[in-house]
Structure formats: C-alpha cells, structure tokens
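This report covers helix packing, nonpolar cores and backbone features of one structure. The sequence and model are shown first.

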Amino acid sequence: MNASPSTAEALRGALAGLLDGLPPTQAAQAVDRLISHYRGTVPTGAPVLRDRSDVAAYAAYRMPATFEAVRAALDALRAAAPGWAPDTHTDIGGGTGAASWAVADAWGSSARTTVLDWAEPALALGRELAAASGIPSLRAAAWRRSRISAALRVESTDLVTVSYVLNELTERDRTALVTEAARAARAVVIVEPGTPDGYARIIAARDLLIAAGLTVAAPCPHSGACPIEPGTDWCHFATRVSRSSLHRQVKGGSLAYEDEKFAYVAATRFPVVPAPARVTRRPQIRKGQVLLELCTEDDGLRRETVAKRHGTLYKAARDAAWGDEWPPR
Ligand SMILES: C[S@@+](CC[C@H](N)C(=O)[O-])C[C@H]1O[C@@H](n2cnc3c(N)ncnc32)[C@H](O)[C@@H]1O
C-alpha cells in the first residue's frame, strides 16, 4: 500500500513553495551539486547539507521518494504487528523529516516524534515543512541537533527510524548507531537505497539487531540467515513516486513517475508474526498463470507458479506486487 493521498499531497504542497523565488536553473544546479556529493566520498566528516539551498534541493528532489520508501517499510511492520502503534518515535539522521512524515501517516499521527540530525539547516527546514503539514504530531515534533558517533545516546523510545543514513557513516559509527537504536527502542526500522551496497549495509544492521535480541518483522519471513548468497543478488523493493517538475528538469524526459528502489529491515523487541513468504521480484503474468519469486520461511528462495485452477489464489497472485506478503493475510 502507498501512503494515504492526503499526507503525500500535504508533503507535496509543503515542498511546492520551497523553490519559489529560486530560478529553475539554480534549483537544478543545487540538485546537481548534491548528487555529485553523494557520488563522491561518503562519509564526509562534516554535514553535506550546509545551507538553505542545499536542504531545499534535497527536500524537493529526494524527500517524496524517501518518504514513500519508509512508508512502505512501515506498512510491512504494521502487517507483522497489527495491534501495535508507537507512542514515541525518534528519527535518527532524520534530516528534513521524511521518515517522520511516514510515521505520522502510518499510525494516524499519534506518535510523539523527535528528529535528530547534525545539520542545523536540515532541521530548520524540516521544522518549517512540519509546521505547514497540518498534521498535529508533526507540528509538535522536536528537532534536535545531534551527531551520530560512538558517543550517541538515545532516550528510550517505542520506534527508531534510520532512513538513508547508514551510507553517510563510517562502519564504526554505523555499528554504534544500530547498537544504540536496538538498545533504546522497541522497534527499529532501517531503510537504505536498493543497491547491492545498500543491501549489504541492511544485512549488517540486521545481524546487529538480531544479536541485540530483536526479532525481524519484515521483509524477511524469519530471523535466520538471509538465503541470498553474497555477491549473487540483493534483496530490494520498489515504490512508485510522482515526479515533480524539478525532477523532470534535472533528469529530463516527461515521465510522470519513477520507481524508488530501496532495501530495509524492521525488527522488534515484542512478538510479531512475519509473513510466511514475500514476493522478491515483480510477478510475471503469463497466459493463465503467474510466476512468483518468493523468499520463504522454510524453503529459502523459491519460485511458485500459480495457475488459473488455483481459483482465488490465482486472483490474489494477479494482484500481487513486488514486496507483498504471500499469500495475502
Ligand atoms: C540522505 S539524508 C537522509 C535524510 C532523511 N532521513 C531522509 O530519509 O530523507 C542523510 C541525513 O543524515 C544526516 N547525517 C549524516 N551523518 C550524520 C552524523 N554523523 N550525525 C548526524 N546526522 C548525520 C545528514 O545530515 C542528513 O540529514
């Protein structure tokens, strides 16, 4: 399921005004600068988002996509823990607040959110966007300057989100962050780009969360070893994001949307019911049958062919999407 149209629209609305007054070429240049930063050496040792035009470019260009990716990961957590909702939430490396918007959307605005980041301009813009959201929990969120390092201490909280942050940290700081998140929270959701490197960081984080005593809620059907042989493939998913006019300007072309690829792990300290299997590729629909690539609880990676004669299951397979649980609950 995607985000509710109202929250996604509220975000789009809040972002729309951001680049007003900035000549389009200047906005595109700010995005180009950011993209080349992220292609360059990370971790950076100092914030990449240094001033208002950096954070405005980041928010306008990336926030709708990171919001949708986190939203999809939260949906998977909700499916595994249907009775649970966080009262408190800490968004570490939260930047302009994409994951906080996703949490407000997923649980109907009930959580008290604290956003931690070392980039003051990102926090300032996040606060502004939240104020324009019309969503009470976002408007009430606390925005605090905090550096992720071995010295990071996080107050006890129900949910920690860490979205598109691990890539910016040294391995030592990544380990410190995930270990501290696992200590402080009842549920931890970590999202990274859906690349082989992003997946490798998610697997390393997953190992740390399990070692700290948490149970994997999603996407995996179990907390055992990942069945993907290192270097042969990577577990990732996709969510559809509407392209803004800034996107079209920077990337060219006229497509109205693009697919954001992401990898994630959600783990909890409380009992959950993970999916028995998850669809790990876009299903292939053939005449009278659907081919599903699955990661399963008992059988590792497996292909399942669902044919017309399977009746309602066939109907469900035709509706199944990459990333869905299988069979649907
Ligand atoms: C790619 S942005 C992601 C922002 C947001 N979580 C999202 O999903 O859109 C990475 C964020 O991590 C923050 N960050 C990177 N290294 C950090 C550190 N050592 N301490 C605190 N924040 C850090 C950056 O300032 C930035 O806001």
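## Packing of α3 and α5

Helix α3 (residues 52–80) packs against helix α5 (residues 120–131) at an angle of about 55°, and their axes are 9 Å apart. Helices (H or I, at least four residues) and strands (E, at least two) are DSSP runs, numbered from the N terminus. Axes are lines fitted to C-alpha atoms, for helices over the stretch in contact, and angles run from 0 to 180 degrees between N-to-C directions. The angle makes α3 oblique to α5; under 35 degrees counts as roughly parallel, over 145 as roughly antiparallel, 65 to 115 as roughly perpendicular and the rest as oblique. The model is predicted: local features need pLDDT of at least 70 and side-chain atom pairs count only at pLDDT 80 or more, while totals for chains, interfaces and linings use all residues. Residues are numbered from 1 along each chain as its sequence is written, and side-chain values use heavy atoms, with hydrogens and water left out.

The crossing of α3 past α5 is right-handed; a crossing has this hand if the near helix is turned clockwise from the far one by less than a right angle, and is left-handed if anticlockwise. On the α3 side, Arg52, Val55, Ala56, Ala59 and Met63 meet Pro121, Ala122, Leu125, Glu128 and Leu129 of α5, where contact means heavy atoms within 4.5 Å. By class, this contact holds eight nonpolar, no polar and two charged residues. Here Ala, Val, Leu, Ile, Met, Phe, Trp, Tyr, Cys and Pro count as nonpolar, Asp, Glu, Lys and Arg as charged, and the others, Gly among them, as polar.

Is Leu125 buried or exposed? With 0% relative accessibility, Leu125 counts as buried; the cut-offs are under 20% relative accessible area for buried, over 50% for exposed and partly exposed in between (1.4 Å probe, protein chains only). Apart from neighbours within four places in sequence, Leu125 is in contact with Leu18, Arg52, Val55, Ala56, Ala59 and Thr96. Leu18 and Leu125 are 107 residues apart in sequence, and their C-alpha atoms are 9.4 Å apart.

## Packing of α7 and α8

Helices α7 (171–184) and α8 (residues 196–211) pack at about 45°, with axes 9 Å apart, and are therefore oblique to each other. Their crossing is right-handed. Arg174, Thr175, Val178, Thr179 and Ala182 in α7 meet Arg201, Ala205, Leu208 and Leu209 in α8. The residues of this contact divide into five nonpolar, two polar and two charged.

## Nonpolar cores

A nonpolar core is a set of buried Ala, Val, Leu, Ile, Met, Phe, Trp, Tyr and Cys residues joined through side-chain atoms within 4.5 Å. The largest has 66 residues, of which Leu77, Trp101, Leu129 and Val191 touch the most other members. Helix α3 supplies the largest share of this core, 16 residues. Another core, of 27 residues, lies apart from it and includes Ile148, Val154, Leu177 and Val178.

Not counting residues up to four places away in sequence, Leu77 touches Trp84, Trp107, Leu159, Ala187, Val189, Ala217, Ala218, Ala266 and Thr268.

## Backbone features

A cis peptide bond joins Ala218 to Pro219, with omega about 0°; Pro219 is in the loop between β6 (215–218) and β7 (237–242). A cis peptide bond also joins Trp326 to Pro327, with omega about -10°, and Pro327 lies in the segment after α10 (312–319).

Tyr164, a residue other than glycine, has a positive phi near 55°. Tyr164 sits in the loop between β4 (157–163) and α7 and, at 13% relative accessibility, counts as buried.
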